[in-house]
Amino acid sequence: LEAHPAIGLRYVDRAEGLGEPDLVILPGTKSTVDDLLWLRQCGLEAAILHLAAKDTPILGVCGGYQILGETLSDPQGVERLGETRGMGLLPCRTLFSPRKTRSRKRATVLAPPFDGAALEGYEIHMGETDTGGAPPFCRFADGEPDGAVQGNVFGTYLHGLFDTGELTGRLAAYLAARKGVDIESCA
C-alpha cells in the first residue's frame with residue numbers, strides 16, 4: 001500500500017491520531033487478545049466502531065480479522081485462557097487451538113467492490129474462525145472460502161494480500177470513487 005501513488009498510509013497508536021481516515025486496517029498480530037484489550041483501553045476500539053457506523057471501510061487481516069468478530073475463545077490457554085468479546089463488526093467466532101496453520105495461498109476476492117482481484121499470500125494463525133454465515137472475503141485456489149464480509153467490514157486470514165498489486169489498485173480506485181476523486185489525477 002505504501003508504494004501506491006494515490007494512497008497515503010499512516011500508523012496510529014492512539015485514538016486522537018486516527019482522525020477521519022478513508023479506510024482502517026487492523027493488521028495481523030501475535031497477541032490477538034492482548035492487542036484487542038489494548039485497542040479497548042486506549043480508545044481506538046470506540047473510535048473504530050464510530051468510523052464503521054459512519055460507513056468507513058474496515059479491513060482486518062489475520063489477528064485483525066479475529067478482533068473484528070464477536071468472540072475469541074481460548075479454552076486451552078493458547079493466548080489467554082477464557083473468552084473475550086470481540087469488536088462485533090463481523091458475525092464471526094474464533095476458537096484458538098495449539099495447532100498453527102501455515103501455508104502459502106493463491107486466492108480470488110469475492111467481496112464487492114474488489115471481486116475478481118487475484119491474490120497471493122500466506123496464512124499463519126492459531127485457531128479457526130466460524131464466519132457465522134457471512135459471505136467470504138475470498139476463495140483460495142483449492143476452493144476453500146476465507147474470511148468474512150459484512151457491509152463495509154472485511155476480514156481475511158491472508159497476509160500479503162496487497163503484494164500482487166491487483167487488490168491495491170482496486171482499493172485505491174474504490175477509495176477515490178468514494179471521495180469523488182479521479183484516480184488518474186492522484187498518480
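I take contact to mean heavy atoms within 4.5 Å, and I keep that in mind for the packing notes below. The model I am looking at is predicted.

**Entry: helix 1**

I started with helix 1, residues 32–41, and looked up which of its residues are buried. They are Thr32, Val33, Leu36 and Leu39. Looking down the axis of helix 1, I found these buried residues within an arc of 120°, so they line one face of the helix.

**Entry: the nonpolar core**

Next I turned to the largest nonpolar core, which has 48 residues. Leu119, Phe137 and Leu167 are the ones with the most contacts inside this core. Helix 2 supplies the largest share of the core, five residues.

Leaving aside neighbours within four places in sequence, I found Leu167 in contact with Val109, Phe114, Ala117, Leu119, Phe137, Leu161 and Phe162.

**Entry: the cavity**

How many cavities of 30 Å³ or more does the structure hold? I found one. The volume of the largest cavity is about 80 Å³.

I then went through the lining of the largest cavity. Leu167 is there, and so are Phe114, Phe137, Leu161 and Phe162, among others including Leu23, Pro57 and Tyr174. By class I noted eleven nonpolar residues in this lining, with no polar and no charged ones. Helix 4 gives the most to the lining, three residues.

**Entry: His159**

Is His159 buried or exposed? The cut-off for buried is under 20% relative accessible area. His159 has 15% relative accessibility, so I count His159 as buried.

Not counting residues up to four places away in sequence, His159 touches Gly28, Val61, Cys62, Glu120, Gly121, Tyr122 and Ile124.

**Entry: Asp142**

Last, I visited another loop residue. Asp142 sits between strand 7 (138–140) and strand 8 (145–146). With a relative accessible area of 55%, Asp142 is exposed; the cut-off for that is over 50%.

I also checked Asp142 against Arg106, which is 36 residues apart from Asp142 along the chain. Their C-alpha atoms are separated by 8.5 Å.

Terms used
Residues numbered from 1 in each chain as written. Predicted model: local features only at pLDDT ≥ 70, side-chain atom pairs only at ≥ 80, totals over all residues. Heavy atoms only, no water. Buried < 20%, exposed > 50% of the residue type's maximum accessible area, 1.4 Å probe, protein only. Helix = DSSP H or I, 4+ residues; strand = E, 2+ residues; numbered from the N terminus. Arc of directions from axis to C-beta. Core = buried A, V, L, I, M, F, W, Y, C linked by side-chain atoms within 4.5 Å. 1 Å grid on protein atoms, 1.4 Å probe; cavity = no way out; pocket = protein on both sides within 12 Å on 5 of 7 lines; lining within 4 Å. Points joined across faces, edges and corners; volume = space filled by probe spheres on them. Nonpolar A, V, L, I, M, F, W, Y, C, P; charged D, E, K, R; others polar.
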